[in-house]
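This report examines selected features of one protein model.

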Amino acid sequence: MNSFIPHPYQQDCINAVIERPGVALWLEMGLGKTVVTLTAIATLLQLDEVSKVLIVAPKKVAEATWQDEIKKWEHLQWLRTSTVLGTAKQREQALLKRADIYITNRDSVVWLATRYGRRWPFDMVVLDEASSFKHHSTQRFKALRRVRPFIHRVVELTGTAPKDYMDLWAQVYLLDQGRRLGQRFTQYRDNYFQPDKRNGMQVYSWRPRKGAEEVIQAKLADIAISIQAADHLHLPDKIIEDIPVVFPDKDWQTYQEMQTAKLLEVDSETITAMQAATLTGKLLQLCNGAMYDAEKQVHQLNHCKLDAFMELIDALDGQKALVFYGFDFDRELLQAELKAREKGLRFAVLAGREEADAWNRGELDVLLAQPASCAYGLNLQAGGHHLIWYSLPWNLELYEQGNARLYRQGQQHPVIIHRLLVKNGADELVARALESKSACQQGLIQGIKALAEEAHHPRNAPAEKGGGD
């Protein structure tokens with residue numbers, strides 16, 4: 001558990017959330033949006049300024065990220081949370097739980113607004129990744145707009161300031177109910193934009209009127225804080241962000257059964273480095289939601305980590321990412337997911353100099369790479385400063401050399417390393433071993449031994465029944 005000593009910019013953000021009824025924090029990932037917001041919430045609760053807080057986040061984020069952040073910091077331990085996810089019955093039960101903070105996903109907004117209506121109980125609402133509310137025509141925006149008069153405080157969090165000024169109206173309306181940019185989207189559009197591409201009376205696109213961008217910026221100066229990591233060079237120039245991935249009960253049970261079966265195949269007393277590497281590889285496959293069988297056929301088990309990955313890509317909002325995968329099936333599944341979900345997103349798999357050059361020229365949004373294929377000598381720092389470990393390698397040298405593709409001389413921004421880790425899975429075991437640096441191999445062996453010992457002799461196993469008289 002850690003003590004939180006905020007950086008000056010973080011304290012400014014905390015103060016803004018406390019002092020203003022509506023505020024947008026456009027903070028790049030890794031700058032501490034979550035702990036900043038939770039610290040402000042804790043203060044507001046202690047001051048009796050708010051009594052019930054609702055956090056709306058992407059589904060995978062809602063499952064664990066906010067909850068884990070509370071556990072991490074000493075000053076937040078007293079906060080009570082309730083996770084409002086799952087079936088209608090499970091969500092109802094979560095709402096009845098006594099808590100300070102209720103955490104749900106974006107798809108529940110319409111359900112909540114319909115359920116409560118004018119009896120809306122949450123006097124503070126936090127929109128994590130508020131860009132998902134940028135379209136005024138969506139049901140989730142309309143639902144939140146209906147209950148907005150009953151909300152006293154709104155905080156919006158995104159990793160970057162909106163690039164398209166047309167996307168601002170809906171987000172700003174939820175902050176101030178139309179006071180700055182107008183009560184209606186059409187009013188905003190007509191005041192600040194003019195037709196760009198059109199065919200007769202049909203307008204296909206709009207462009208800002210002369211001077212409109214400066215006017216809009218001035219109107220938002222008191223409610224929007226935008227900070228880029230590059231503006232704060234006193235921060236660490238390498239930031240590690242661990243993103244928890246939670247398996248639903250059914251998938252977690254499958255994982256545990258397969259993990260136990262694999263661990264029972266070895267002698268828990270004498271596990272070698274080779275066995276540890278092989279076993280870890282199998283368990284990491286399970287964490288990634290698929291497995292190879294004896295004939296090298298792939299069997300997909302779940303989409304949990306894929307879903308978390310796509311939420312992360314959405315959160316980057318156009319910022320470029322180098323993605324390291326571990327298995328061939330990772331590459332295939334990631335490509336299929338990017339094609340299916342992200343229309344217009346430019347991505348490639350690193351095969352040689354051609355893809356590396358395209359990345360460095362800024363022509364790719366996502367570059368997929370196997371760390372062993374680019375561990376040495378390949379300069380990729382010109383293409384971006386976000387690195388995603390979809391699957392961690394157990395080899396420390398591969399991990400450090402992979403990070404060094406972006407974290408090296410010539411990099412103009414702090415490098416933010418995102419690690420997707422299945423909670424209580426092999427991902428966390430490998431992460432702990434990597435963090436022990438030179439003891440990585442031995443740490444992994446000890447971790448595997450502990451898991452194998454548990455598989456052979458479960459702590460909660462029922463005692464054997466004695467014989468009768």
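What span should the 15 residues of helix α10 have at 1.5 Å a residue, and how far apart are its end C-alpha atoms? The model under discussion is predicted. Helix α10 covers residues 249–263, and at 1.5 Å a residue it should span 21 Å. The expected span counts one residue fewer than the helix contains, because it is defined as 1.5 Å times one less than the number of residues. The end C-alpha atoms of α10 are 21 Å apart, which agrees with the expectation.

Helix α10 has the buried residues Asp-251, Tyr-255, Gln-259, Lys-262 and Leu-263. Viewed down the axis of α10, these buried residues fall within an arc of 100 degrees, so they line one face of the helix. An α-helix has 3.6 residues a turn, so residues three or four places apart point the same way. On the face of α10 turned away from the buried side are the exposed residues Asp-249 and Lys-250.

In helix α14, residues 353–360, the buried residues are Glu-355, Ala-356, Ala-358 and Trp-359. They cover an arc of only 165 degrees around the axis, which puts them on the same side of α14. What do the buried residues of α14 pack against? Their partners are the strands β15 (321–324), β16 (347–349) and β17 (366–369). Just after α14, Gly-362 takes a positive phi of about 85 degrees.

Most residues other than glycine have a negative phi. Glu-129 and Gln-177, neither of them glycine, have positive values.

**A residue in a strand**

Ala-224 lies in strand β11, residues 224–227. Ala-224 counts as buried because its relative accessibility is 18%, and buried means under 20%. Leaving aside residues up to four places away in sequence, Ala-224 touches Ala-24 and Trp-26. Ala-224 and Asp-357 are 133 residues apart in sequence, and their C-alpha atoms are 36 Å apart in space.

**Empty space in the model**

Rolling a probe the size of a water molecule over the atoms shows where empty space is left. The count comes to one cavity of 30 Å³ or more, and the largest cavity has a volume of about 30 Å³. The largest cavity is lined by Phe-247, Asp-251, Thr-254, Tyr-255, Leu-286, Leu-301 and Asn-302. Helix α10 provides the largest share of this lining, three residues. By class, the lining of the largest cavity has four nonpolar, two polar and one charged residues.

The largest pocket holds about 1100 Å³ of space. Of the 42 residues that line the largest pocket, Glu-69, Lys-72, Ile-240, Glu-241 and Asp-242 are the closest to its centre. Among the elements that give two or more residues to this lining are α3 (59–72) and β12 (238–245). The lining of the largest pocket divides into 19 nonpolar, six polar and 17 charged residues.

Definitions and conventions. Residues are numbered from 1 along each chain as its sequence is written. This is a predicted model: local features need pLDDT of at least 70, side-chain atom pairs count only at pLDDT 80 or more; totals for chains, interfaces and linings use all residues. Side-chain values use heavy atoms; hydrogens and water are left out. Helices (H or I, at least four residues) and strands (E, at least two) are DSSP runs, numbered from the N terminus. Buried means under 20% relative accessible area, exposed over 50%, partly exposed in between (1.4 Å probe, protein chains only). The arc is that of the directions from the helix axis to the C-beta atoms. Contact means heavy atoms within 4.5 Å. On a 1 Å grid over the protein atoms alone, a cavity is a set of points where a 1.4 Å probe fits but cannot get out, and a pocket is an open set with protein on both sides within 12 Å along at least five of seven lines; lining residues have an atom within 4 Å of a point. Grid points are joined across faces, edges and corners, and a volume is the space filled by probe spheres set on the points. Ala, Val, Leu, Ile, Met, Phe, Trp, Tyr, Cys and Pro count as nonpolar, Asp, Glu, Lys and Arg as charged, and the others, Gly among them, as polar.
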